[in-house]
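Please keep the sequence and the coordinates at hand while reading.

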Amino acid sequence: MNSNVNLLVGLAIGLNLLALGSSRLPSVIGAVAVQGMAIGLMPLLLESDFNWIVALVAVGTMAVKGFVIPVLLRRAMRTANIEREVDPSIGFVPSLLLGAGGTIAAVALARALPLLPEHAGSLLVPGSFASVLTGFVLLIGRSKAIAQVCGYLILENGIYLFGLLLIRTTPLLVEAGILLDLTVGVFVIGIIVDRIQRAFDSLDTSKLTVLRE
Amino acid sequence: MTPGPLLLGAAAGLAAGVVAGRWNARVWLALTLVSTAAALGAAGSLLLGGAIWEFVSTFPIAGQPLHLRLDAVSALFLALVAIVGGAGSVYAHEYWSNQDYPQSAPRGRMWWSALLLSMGGVLLSWNGLHFLIAWELFTVAAFFLITLERQRRDVRAAGWLYLSASHLGTMCLFAFFAALAARTGSWELGPMRERTELAPLFWLALVGFGLKAGMFPLHIWLPSAHANAPSHVSAIMSGVTIKLGIYGLLRTTGWLPLPVAAPWILIGLGAITALFGIAFAFAQSDLKRLLAYCSVENIGIILIGLGGALLAVADGHAVWGRLLLAGALFHVWNHGLFKSLLFFGAGSVLHATGTREMSRLGGLWRAMPWTAALFALGAAAISGLPPLNGFISEWLVYLGLFDAVTGRSPAAWAAMPAAIILGITGALALATFVKAGAMIFLGAPRTAAARHAHECGPWMRGPMLVLAILCVAIALAPVVFWPLVARASGAWQPMWTEMPVPASLFTLGSLQIALAGLALAAGLTLWWRARGAGAPRHLTWDCAYAAPSARMQYSSGSFAGIAGGWFAWLLQPQRQLRRPRGLFPAIATRVERVPETVLELIFTPVATVILQVSTAVRRLQHGRLQYYIAYVVVALAGLGSIVVLGGRS
């Protein structure tokens, strides 16, 4: 069971690197979608006996993260008529190196943390840190709003991974709440992206510096 | 009648004045006069022997229970606020009328009421937090009064300088009261002399209150603010609001234990303030700027008195300590009265001629006899000449200093130089006001503006007359006013309660009356002779120059030339000279300007560095979301490493 989870976490880490290294927005969205589904599957694998609430949440997570959000993002992308991240402030190769370095650092950090013995062998903690870092690198390094939304989603996936450590004690309703927040957030960002596009003919957030303070 | 209802009435009247000032000038004037009269009544009843009025309410304001208290020290200052506040409101009725300033006159009335109300709040608050709130309100109200004529650039600059300097002071006061509250566990104020660990807090209070009082070298905001404000505002700023700085220092020194060096520093700062203030005043060519610097000088005299009194408390010399404190307190009143009178006079000149530049005036006494006479009276009083009230307070300070010197205590080392510097200051003050009076009112008019001057109307003349009468009253009957000041001294230092009238004050009072009689007789004789025969008019000897003009009279710069030279190291005058060349020189000019030395040579460079650093830091705030997220990551990483490393060690 644990090896299956580790496999999925490894997949998520690999998708992190794909998202970091790709300049095409559809592949970034695709990576986020697959990562969301992989993460959504985990509660089912972690719970030894079948629990219908857990199953419901897992299915819901997979549906929202794997289908609803990617569809929304693709639609925003088509409306905005952009395909590529053209001039990232952190280039793709440096992003990849940062992501790889971040993953190694996450493993090292996870070793240094005083974890419970049953979590010690799991990749959940390093995977969570690596995803959070990847999310931050995308948020900082990309200028297109859609790429930033993807970064935000990966960041949230990392937090979700960390939350899975507590799956036995925390009610999954909390996770469901996070999911709801996220969906609303993506809706709002979709609307904003649309508005930015109409108002400025560009989705480059680095040009949106005038309305500060 | 007890002070309570009177104070309540005054506060209600002023609060109504804030509203009424917007729409009706006469209603506002009536409200303000009734309120100030009520406040004066409350202060007077307390000073004349009434019991201390106290009001404690459990109803919290800003989280603190309201605690108001009127004792003799507050009452002394409250009386000054009421007198100058009332006089200024009458003066403004004509000087800043709706006809002349339709935009700013209603605003001015509103803020005037707010200023008086908040100053009353400062004087009555017995809770540190409420004190700070009232203090900040009164600073802001004064800012809006200074910038009434805000379409002028120099007025705005003066306003901003005042506001930023005031906030530097307020910051120190915040630190002071907050530290006090933190160490005593309560915002309540009051005597706490036994808590010796509170002594270092005095330095914070010294900077905060000293800045408001205009103590050298923190006076930088004062000249431009007082010169550019409307004259009735200058009058209350110079006469009253800077005294609230003195009030704060009086309270602090009366309540808290002091560092050993504090009295010496205070007396030294007082001497420096007095001397440098008058040196700058003498060099000014702008009448209101001259008066403003002269306020700095008078604050110096008050500080000498206060510092000396503190030395006396520390050494246990009640006799001369009382004299010095009484001199300082008397000077608070006297300076408030005659400085307001002088600023009203300056306003009258400005109203009539449109200029504050003394070298453009001259010969105004023919057109403005009332203003000239009242200004001369104020000038004689501020120069400390007998038989006027400035002499009384300075004489008390001198007497205290001389007693300290002859007492051969260690305090003599401070008292002797202070007395000498006070003497030099007095001489320079006399020269300054001879210059001001002569430039403005004597000689021939130098410009068309001065030729077409006109006397001010009754609304402006009336308040000046009232202030002049008060000056003369204090001068001729100091014995009558002594008990009032003595009560305030008793409230400041409980051991000094029964303070008999010094015997010499009786002698001085009679002498003043005799001198006043002589001066009056001489004046009447001169007037009678001049009226009978007419003053003979001759040209001055002019080296046979064929076309003398009024501009060839002494200018304010040439009058102050010699003494200006003595202080050139301090004043750093900037001169531009273009000598006449050739046999028939066409152009020759000489421009001399006295800069704001302390501001331009010390504060501006420091402020520039601070501004550069702030601008560099401000680049972090650029509006790029990506970098903001990066800041969050860096901060998180930093916090995390602190936790990890801190956990290890």
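Predicted model: local features only at pLDDT ≥ 70, side-chain atom pairs only at ≥ 80, totals over all residues.

As a general background, nonpolar side chains in soluble globular proteins tend to be buried together.

Once neighbours within four places in sequence are set aside, B:Leu115 is in contact with B:Phe138, B:Ala141, B:Ala142 and B:Leu145.

Helix 4 of chain B, residues 104-124, can be examined for its length and its surroundings. Its 21 residues should span 30 Å at 1.5 Å a residue, and its end C-alpha atoms are 30 Å apart, so the two values agree. Is helix 4 of chain B largely enclosed or largely open? Of its 21 residues, 18 are buried, and helix 4 of chain B is therefore largely enclosed by the rest of the structure.

The view now widens to the whole chain. Chain B contains 25 helices and 4 strands. Its radius of gyration is 26 Å, close to the 26 Å that the globule rule gives for 649 residues, so chain B is as compact as a globular protein of that length. Along the principal axes, the C-alpha atoms of chain B fill a box of roughly 95 × 65 × 60 Å. Buried residues account for 50% of the 649 residues in chain B. Among the contacts in chain B between residues at least 6 apart in sequence, 79% join residues at least 24 apart.

The domain assignment of chain B places domain 1 at residues 260-525 and domain 2 at residues 597-644. Taken over C-alpha atoms, the centres of these two domains of chain B are separated by 48 Å.

Strands come next. In chain B, strand 1 (residues 53-61) pairs with strand 2 (residues 64-70) in the antiparallel sense, over 7 bridges. Within this pairing, B:Ser57 has B:Leu66 of strand 2 as its bridge partner, while B:Glu54 stands opposite B:Arg69 in strand 2. The two strands form a hairpin with 2 residues between them.

B:Ala62 belongs to the turn of that hairpin, in the loop between strand 1 and strand 2 of chain B. Its phi is near 55°, a positive value in a residue other than glycine. B:Ala62 counts as exposed because it has 11 C-beta neighbours inside 10 Å, and the cut-off for exposed is 12 or fewer.

B:Arg575 has 9 C-beta neighbours inside 10 Å and so counts as exposed. The C-alpha atoms of B:Arg575 and B:Glu592 are 4.5 Å from each other, although 17 residues separate the pair along the chain. B:Gln572 is located in the loop between helix 23 (568-571) and strand 3 of chain B. This residue is not a glycine, yet its phi is positive, at about 50°. With 14 C-beta neighbours inside 10 Å, B:Gln572 counts as partly exposed.

Where do cis peptide bonds occur in chain B? One is the bond from B:Phe216 to B:Pro217, with omega near 0°. B:Pro217 is found in the loop between helix 7 (201-213) and helix 8 (222-228) of chain B. A cis peptide bond also joins B:Pro386 and B:Pro387, with omega about 5°. B:Pro387 is placed in the loop between helix 14 (369-382) and helix 15 (389-406) of chain B.

Notes: Residues numbered from 1 in each chain as written. Chains lettered and ligands numbered in written order. Domains from an automatic or database assignment. Contact = placed C-beta atoms within 7 Å. Expected span 1.5 Å × (residues − 1). Buried ≥ 20, exposed ≤ 12 C-beta atoms within 10 Å, placed from the backbone. Rg over C-alpha atoms; globule rule 2.2 N^0.38 Å. Pairing = 2+ DSSP bridges.
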